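Here is a friendly briefing to read beside the model. Please keep the viewer open as you go through the topics below.

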Amino acid sequence: MLKEALIGTLCGAVALTIGILIGHFGIQKNSAPSWVNDVAKDVDEALIKQFLSEVETFQLQENLRELTKVPHMATSPGDEETVKYVLKRWQDPETGLDEAWRQEYKVYLSFPDPKNPNKVTVGDSSDAVLFTVREREVNYTADQNDPQVVQPFAAYSPAGEAKGKLVFANQGKPSDFQYLNNTIDLRGTIAITRYGGEGRGQKAINAAAYGVVGLLVYTDPLDMNDGLMSDINETYPHSWYLPPTGVERGAYSRDFGDLLTPYLAAKENTYRIPTEDITGIPPIPTQPIGFEDASTLICALAGDRAPNDWQGGFKCVYNLGGPGFKAASPFNDSEVKLDIHNNGAIVNSANVMGVIRGSVEPDRYVIYGNHRDSWVHGAIDPSSGTAVMLEITRVLGRMVKQGKWRPRRSIIFGSWGAEEFGLIGSAEYTEEYFTKLSERTVGYINVDISVFANATLRASAMPSMQSVIFRAAKQVDAPGLASTSVYDNWIRYTNRTSPTHGLIPRVGYLNGAGSDYAAFVHYLGITSIDMSYTYDRSKTKARIYPAYHTAYDTFDYASRFIDPGFVAHQAVGRTAGNILIRLADSLLLPFNCKDYAESLEAYLDTAVTLYQKDLEAKDISMEPLIQAVANFRKAAEQLDKVIQSSDLANETPLKVRKINDQLMLMDRAFLNPLAFPHEYGFRHVIWASSSSGKPTFPGIADAFAQANSSHLDSDWGKVHYHVSVVAQAIEGAADMLNEVI
């Protein structure tokens, strides 16, 4: 009996021991659900290295070749071909995205009449035509012979006939017309202006205010070609310079988005304002011309010699016009006549959208965008950017399809339509999804023209993105330079001394509305970047790459003169993709608010230097603004201390999410929908466009310039208003960075 009891006890002990061992070794020590590990994952540096190695120059070259086969102006047959091509790429079963679709809007665009081309002529008193401006550019390659090449025109110029004596109005700025008006009666004249210094459409608005009845616009060879003019051996097809008959097309409109549906997405049944209520477009017939024809007209002008800073690249003295031509000219006593046959139409325009869904935070979006439409073939603008975007999606899409990677946050790709007519596709998208994008978007990356040339990187961004841009640029090799990073090459070309970081590359600000970042920055307050490779500005005075918006912006032009070997395209793709992955995958968003504080302090220093003495004389205190900037600095440093002292990988996901939301929403605090009532879509009080040219808070700068000119008490009141607006916005942003109340 005792023996049986001992045996039973022993067996029980053995069974218990075995059970403990099985429990110890058979059950994982970490019994937490799998999502616990997922939420703590951070960016994978090995994956970034793999991404960098897979961005291929050959793929970029072939992307560009395909995208530039035909002209693809917005809503044209060629545009539809590119819609289908991008959609096909993003729906590829091996390298495509999770989902891709086309998104349609009905937008108001402006086109010339192909059966009744616009004409510019010089005629005498008997209406005999003495001279006719070219209607199309000279053909150097088969590209210019394509029947879909649109005649040069000024989009949104009204149709009509204008006739009068010619005057030269430099860049068409208000000050230029004021100068002319001091000695010439401008009523009933035709003005010719050069590109630059003022927005396209605004030149015509400025002209009409002085009674000018028609406007010509041209590209001066001094501004674009470093003075070179001969297509025998100096310009394209022999170099990158603009040929004499090249004409820059463009939208002559001031506001971005569809002009008939302000602040509403342009859908089928959306309310539309009457076309006669559109503002910010030319009130008079307007037409761009080539510098070959412009020289014929300008060199024949009578009148006083134009000021020295109005003189250009033609081999003659630029006169103001009598108005009209010299007595010794073949055009003596003749007038210039514009016959413009543009027409407006509501047409379907498509964005192509694609998404890679996030694995941890699918409701947080990183958006990458580039417009797809061009004026003609658009090899550089915008297809260099589209080629890069398609290569990034090919590499990332393949990783997703092979199960090697899925981003923490969702990535949305946008191939915007009708950008050239006023940033329409991206603006309509932000208007349609205003609330969702405002609440969920982490950042926006814009790569429009990815390569202006192949010398150095250029980037403009919200200051909080500076650190992630620098980190990415340090990991990418500069094209053609052994053992030199994009960062190290960049700092040689353009740099500044930071009080915090010392000598660093100069990152510009996203003022104005030059590309599709506009609606994201100014309307939604989303942290954004716009980037490209560009040229060495010490070697050329070109205001942009010379074939811009002409029939010569072709694959041949891009591959021979802009980026032979497509190595700059590759550098941009690697850098932009690196930033994209970091925004999508980093546990903590890679935004540095202390860098934002530094920019606000620089703006404040300028404002105090320029305005404080005069404002004190008007009993307007800048102390609230000074204190607000100091509070922002304090809040930024405190948040940084919280971040540095936290082991975020082992913190509750809610703490990480809270800090990320503070970083994401900080820029939204700078939005004020009432600050700029006469500036469509501009709500960001730090980065709105400014006419003052001063590197400081735009509302204060413009209001001060107006008050200092008018001396009206009401205008000084507006200065006080803008000081209050900016101060309270900065206080609001500081509060966003502080601990939750």
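The lining of the largest cavity divides into six nonpolar, five polar and six charged residues; here Ala, Val, Leu, Ile, Met, Phe, Trp, Tyr, Cys and Pro count as nonpolar, Asp, Glu, Lys and Arg as charged, and the others, Gly among them, as polar. This is a predicted model, in which local features need pLDDT of at least 70 and side-chain atom pairs count only at pLDDT 80 or more, while totals for chains, interfaces and linings use all residues. Residues are numbered from 1 along each chain as its sequence is written, and side-chain values use heavy atoms, with hydrogens and water left out.

**The largest cavity**

- The structure holds three cavities of 30 Å³ or more; on a 1 Å grid over the protein atoms alone, a cavity is a set of points where a 1.4 Å probe fits but cannot get out.
- The largest of them contains about 130 Å³ of space, where a volume is the space filled by probe spheres set on the points, and grid points are joined across faces, edges and corners.
- Its lining has 17 residues, and Val 133, Arg 134, Glu 135, Pro 288 and Ile 289 lie nearest the centre; lining residues have an atom within 4 Å of a point.
- Strand S2 (119–123) and strand S10 (286–288) each supply at least two residues of this lining; strands (E, at least two residues) and helices (H or I, at least four) are DSSP runs, numbered from the N terminus.

**The second largest pocket**

- About 460 Å³ of space lies in the second largest pocket; a pocket is an open set of points with protein on both sides within 12 Å along at least five of seven lines.
- Of the 21 residues that line this pocket, Arg 471, Leu 588, Leu 589, Pro 590 and Phe 591 lie nearest its centre.
- By class, the pocket lining has 11 nonpolar, four polar and six charged residues.
- Helix H13 (466–474), helix H18 (593–617) and helix H19 (623–644) each give at least two residues to the lining, and H19 provides the largest share, five residues.
- Domain 2 (45–110 + 345–585) and domain 4 (593–737) each contribute at least three lining residues; the domain bounds come from an automatic or database domain assignment.

**Helix packing**

- Helix H3 (residues 45–54) packs against helix H10 (residues 383–401) at an angle of about 130 degrees, with the axes 10 Å apart; axes are lines fitted to C-alpha atoms, for helices over the stretch in contact, and angles run from 0 to 180 degrees between N-to-C directions.
- That makes H3 oblique to H10, since angles under 35 degrees count as roughly parallel, over 145 as roughly antiparallel, 65 to 115 as roughly perpendicular and the rest as oblique.
- The crossing of H3 and H10 is right-handed; a crossing is right-handed if the near helix is turned clockwise from the far one by less than a right angle, and left-handed if anticlockwise.
- Helix H4 (residues 57–67) also meets H10, with axes that come within 9 Å and cross at roughly 130 degrees.
- H4 and H10 are therefore oblique to each other, and H4 passes H10 in a right-handed crossing.
- H18 and helix H21 (residues 698–710) pack at about 55 degrees, with their axes 11 Å apart.
- This angle makes H18 oblique to H21, and the crossing of H18 and H21 is left-handed.

**Backbone points to check**

- Most residues other than glycine have a negative phi, and most peptide bonds are trans.
- Gly 322 and Pro 323 are joined by a cis peptide bond with omega about 5 degrees, and Pro 323 lies in the loop between helix H9 (291–298) and strand S11 (335–340).
- Asp 381 and Pro 382 are also joined by a cis peptide bond, with omega about 5 degrees; Pro 382 sits in the loop between strand S13 (361–371) and H10.
- Asp 127 has a positive phi, near 70 degrees, and is found in the loop between S2 and strand S3 (129–132).
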